Amino acid sequence: MNPYIGHESQIFGAEEHRLTGGKGDGMRLLEVWNGKGLELTISLDRAADISRLRFKGMNMGYFSPCGYVAPSYYDRREDHFLKSFTAGFLTTCGLESVGVPCIDEGESVPMHGSISNTPASYYYWRKEDDELVIYAEISDETIFSRKLKLCREIRISLQENTFRIHDQIQNEGDRTEPVEILYHMNMGYPILDEDSKITVSSEHVRPRNQHAAEDIENWMHMEKPQPGYEERCYYHECTKKGMASIYQPKLKMGLAL
């Protein structure tokens with residue numbers, strides 16, 4: 001025990017809070033800090049996703065106009081996912097589908113699946129050697145249909161400003177099930193603006209549509225906010241280990257995935 005402190009939470013720790021008011025009323029949030037400048041908010045009622053990420057008090061992620069939205073407001077019809085899309089640093093998409101809504105073998109699957117709007121049925125946190133470990137289980141189960149469980153472990157270093165996410169999907173049903181998963185990771189101001197430097201370790205870059213193809217040579221360049229701007233999206237193919245980073249020269253600060 002450090003003789004200079006009365007409680008270890010003076011240096012690092014995790015605390016569970018609940019929101020009051022608005023569409024986020026009642027949501028459980030786990031605030032985690034490592035004492036080195038890294039702070040995470042884990043949204044326990046939204047698949048234990050990372051809603052906020054800060055470094056030395058500075059915001060690193062994007063928070064959508066929706067803000068916090070409790071799972072009770074989720075509407076899986078068509079693209080109504082966007083009404084609940086907090087974004088945050090991480091939104092997990094799946095498990096039945098990712099991407100646009102569609103009909104898959106007779107089933108109407110929603111935009112980006114429903115796992116991100118599912119609360120963790122069980123979670124705990126503990127200190128383990130030089131890491132804080134958060135473990136959560138999120139069930140995606142339906143009678144007469146799929147019975148999947150997402151087991152998530154987030155390990156936050158107490159020695160450096162890094163963390164790791166390890167997910168395991170378990171099939172607890174009696175039939176083989178298709179699975180799709182996408183990690184929707186969202187950078188935000190002030191680390192993201194028109195001066196940000198973007199690097200991706202891709203061998204091939206493909207545009208999502210003709211609009212993106214028209215400016216593919218500038219896929220790594222950010223632009224100033226513009227009213228009515230249509231997003232440009234690109235697929236990056238990595239044959240080796242996939243890496244992506246963003247660096248803000250004005251702040252001399254960056255983040256790597």
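My entries below go through pockets, cavities, a surface patch and salt bridges.

**Entry 1: before I start**

I noted that this is a predicted model. My way in was a general idea: rolling a probe the size of a water molecule over the atoms shows where empty space is left.

**Entry 2: the largest pocket**

How much space lies in the largest pocket? I found about 2,400 Å³. Its lining takes 49 residues, and the ones nearest its centre are His-184, Met-185, Glu-231, Arg-232 and Cys-233. Next I checked which elements give two or more residues to this lining, and I got strand 15 (180-185), strand 16 (197-200), strand 18 (234-237) and strand 19 (244-248). Strand 15 has the largest share, with four residues. Then I sorted the lining of the largest pocket by class: 28 residues are nonpolar, 12 are polar and nine are charged.

**Entry 3: the second largest pocket**

I moved on to the second largest pocket, which has a volume of about 570 Å³. I listed 21 lining residues for it, with Phe-89, Thr-162, Phe-163, Ala-256 and Leu-257 closest to the centre. Two or more residues of this lining come from each of strand 4 (49-55), strand 13 (147-157), strand 14 (163-171), strand 15 and strand 20 (253-256). Which strand gives the most to the lining of the second largest pocket? I found strand 14, with four residues. By class, I wrote down 13 nonpolar, four polar and four charged residues for the second largest pocket.

The largest cavity has a volume of about 90 Å³. I see 13 residues lining it, and Ser-43, Arg-46, Asp-49, Ser-51 and Thr-86 lie nearest its centre. Strand 4, strand 7 (87-88) and strand 8 (90-95) each give two or more residues to that lining, and strand 4 has the largest share with three. Sorted by class, the lining of the largest cavity divides into five nonpolar, six polar and two charged residues.

For the second largest cavity I got about 30 Å³. Strand 4 and strand 6 (62-63) are the elements that give two or more residues here. Strand 4 has the largest share of this lining too, with three residues. The classes for the second largest cavity are four nonpolar, four polar and one charged.

**Entry 4: a nonpolar patch**

Back to the outside. I found a nonpolar patch on the surface made of Ile-169, Val-179, Ile-181, Tyr-183, Met-185 and Leu-257, and together they have about 430 Å² of accessible area. Strand 15 brings the largest share of this patch, three residues. I picked out Tyr-183, which sits in strand 15. Tyr-183 counts as partly exposed because its relative accessibility is 37%, which falls between the 20% and 50% cut-offs.

**Entry 5: salt bridges**

I counted 22 salt bridges and looked at a few pairs.

First, Asp-75 and Arg-77: their side chains meet in a salt bridge at 2.6 Å, N to O. Are these two partners buried or exposed? Asp-75 is buried, at 19% relative accessible area, whereas Arg-77 is exposed, at 55%.

Next, Asp-140 and Arg-146 form a salt bridge, and their closest N and O atoms are 3.3 Å apart. Here I noted that Asp-140 and Arg-146 are both buried.

Then I looked at Lys-149 and Glu-172, whose side chains meet in a salt bridge at 3.3 Å, N to O. Lys-149 is in strand 13 and Glu-172 is in the loop between strand 14 and strand 15, so this pair ties together parts that are 23 residues apart in sequence. I marked Lys-149 as buried, at 14% relative accessibility, and Glu-172 as partly exposed, at 41% relative accessible area.

Last, I asked which residues are linked in a network of salt bridges. I wrote down Arg-126, Glu-128, Glu-131, Glu-153, Arg-155 and Arg-164.

Technical notes: Residues numbered from 1 in each chain as written. Predicted model: local features only at pLDDT ≥ 70, side-chain atom pairs only at ≥ 80, totals over all residues. Heavy atoms only, no water. 1 Å grid on protein atoms, 1.4 Å probe; cavity = no way out; pocket = protein on both sides within 12 Å on 5 of 7 lines; lining within 4 Å. Points joined across faces, edges and corners; volume = space filled by probe spheres on them. Nonpolar A, V, L, I, M, F, W, Y, C, P; charged D, E, K, R; others polar. Patch = residues over 30% accessible without salt bridge, like charges linked within 9 Å, V, L, I, M, F, W, Y side chains within 5 Å. Areas by Shrake-Rupley, 256 points an atom, 1.4 Å probe, with all protein chains shown as cover. Salt bridge = Lys/Arg side-chain N within 4 Å of Asp/Glu carboxyl O. Buried < 20%, exposed > 50% of the residue type's maximum accessible area, 1.4 Å probe, protein only.
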